[in-house]
Amino acid sequence: MIIKTTKDIPASEITDPSIFSKRRQIIKATLGTILTGGFVSSTLANSTLPLWGNLPKSPVSNDSLTVTPAEITKNHTNYYEFSFNKKEATSLAQNLVTDPWSVEISGEVEKPGSYHLEDILGQQTLQEYVYRLRCVEAWSMVVPWVGFPLASLLKMVKPLSTAHFVKFTAVYQPQTMPKQLANAMLEWPYVEGLRIDEAMHPLTILAVGMYGESLPKQNGAPLRLVVPWKYGFKSIKAIVKIELIKRAPISTWNKFAPNDYGFYSNVNPAVAHPRWSQNSERQLGSSFFTPRRQTELFNGYGSQVASLYSGMDLRHFF
Amino acid sequence: MTFRFNNLYSLTLAVCLIPLLWLLIDTAFDNLGPNPIQALHIRLGDWSLRFLWLTLAITPLQTVTSWRGMTEYRQMLGMYAFFYATLHVLAYLLMDHALVWSVIGIDIIESQYIWFGVLAYIIILSLALTSPKWAKKRMGKNWKKLHRYIYLAAGAAIIHYYWQLKGNLAEPLFYLLIVCLLLGFRVLVWVKNRRLTRLMIPTGKMVLVLAEKQVMSEIIREQQRENAERLDKSQALT
């Protein structure tokens, strides 16, 4: 299979290296302030070591995209376990206990088991993946993730031929997650799923960092899924369990509102949400009076992933 | 007295502009968060809803307290609801979409929650246009009929607000509760008034009851007279 990776890079879209290095300086300077006991903001307090300053870019990384400022990505994220409000969720997420962390891998695999996160990372090569993230709420951002292909973790545990789907389960930590404690709205813990070929696709990664830093808690620390051609809610945060199973799992949002959120949830401008259009998106970081961006089929990754769905009616399998 | 009234009126007029001023300050100082366009847009919509609710609360307040002369305030608050709704619509068209009509068209057609926003705005617009005193005089009874549509606008605005959420109900339910309370209050007043009128003016059934009473008493009197006559006769015989 030939996997087309990136399109040609228009010169205008390349981020100025001076700005790029300056950003690092800013982060380092802020970290310095924290270490010397200076001003600590709730979001920055979490961006601790290790730093991945000069990671190689993955060949599937999309370099033609302009990266969204880190401060926006760190402060604009849904985390319903903590709050239905993005700002509140960001500050409450700082209570999440992420150390120690282990991931249980089970089901239709030859080598099931519980693996410490450090042991998993010890066997993986981290790379940077610049992807566009398109939320079902019709906004998008470009995030430089630090992670590794999900496929290389799955290959380690040797899936059986009966493994047709992958089910992901997020952490259940009601003592730090108010909405889990209150049993509010969704069924907890959060569950997501992929078809095995989607899970094995080179674009599908597990992320442990972003912007050269470890993942902030509100952005899914310590380990999250990133599936760039699907709506953001498919990219489950704080994963504790990965099961390879025979039948399609029922994902959390699909269970909550089956007519609104399908199993596939591929980004598709032609298939509207029952109550709102998915035709266009607000790019975060753009200034006032800037038009919205035209949403692309499969979020612009069609040349790499469209073949996964050939012959399928995307309106039916939304 | 007149001077004080005008003073309070101008004060209210100025206070209602504070949300806009506050929003402008937040915009100028980059205080709107990671998605400033959406934040600005939503805050304008929120204030329009709040003024709509305040407008609806005036008449019940007047009924309960029997204060008079609040009609001017009701009109002013209604116009502010229209003012913030207009800014909300302009923010959508200009700031969010930069007047790219092809994208706006698809967005409106495909987004059901926007249909209810459009419905609410059309109603509020027509109420604002017929707000001046001369329009009220010219329209006569129709004015009140038209302005009762404010409840439809309120309902549509709640759906508009609720349907763009992924499923978080708390705030729209709070607004819905308020509009139900205000509407419920008016229904109560209406029912009470109807019952009063019914007691004062006899309806069909009442007339029948009265007639029956009249006839019955007539029959009883007749019988009494007959009895008395019979008694007289028997006494005469003995």
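This briefing walks through a chain contact, a helix pair and a strand pair. The model is predicted, so to speak: local features need pLDDT of at least 70, side-chain atom pairs count only at pLDDT 80 or more, and totals for chains, interfaces and linings use all residues. Residues are numbered from 1 along each chain as its sequence is written, with chains lettered from A and ligands numbered from 1 in the order in which they are written.

**Where A meets B**
- Chain A puts 23 residues into the contact and chain B puts in 23 residues (contact: C-beta atoms, placed from the backbone, within 7 Å).

**Helix pair in chain B**
- Helices α4 (residues 71-96) and α6 (residues 112-129) of chain B pack at about 135°, axes 10 Å apart (axes are lines fitted to C-alpha atoms over the stretch in contact, and angles run from 0 to 180 degrees between N-to-C directions).
- From α4(B), the contact includes Phe82(B) and Val89(B); from α6(B), Tyr121(B) and Leu125(B) are among the residues involved.

**Strand pair in chain A**
- Strands β5 (residues 165-170) and β6 of chain A pair in the antiparallel sense over five bridges (pairing takes at least two DSSP bridges).
- Lys167(A) sits opposite Gly193(A) in β6(A).
- β6 (residues 191-195) of chain A is mostly covered, with four of its five residues buried (buried: 20 or more other C-beta atoms within 10 Å of the residue's own, C-beta atoms being placed from the backbone; exposed: 12 or fewer; partly exposed: in between).

How values were computed: Two residues are in contact if their C-beta atoms, placed from the backbone, lie within 7 Å. Helices (H or I, at least four residues) and strands (E, at least two) are DSSP runs, numbered from the N terminus.
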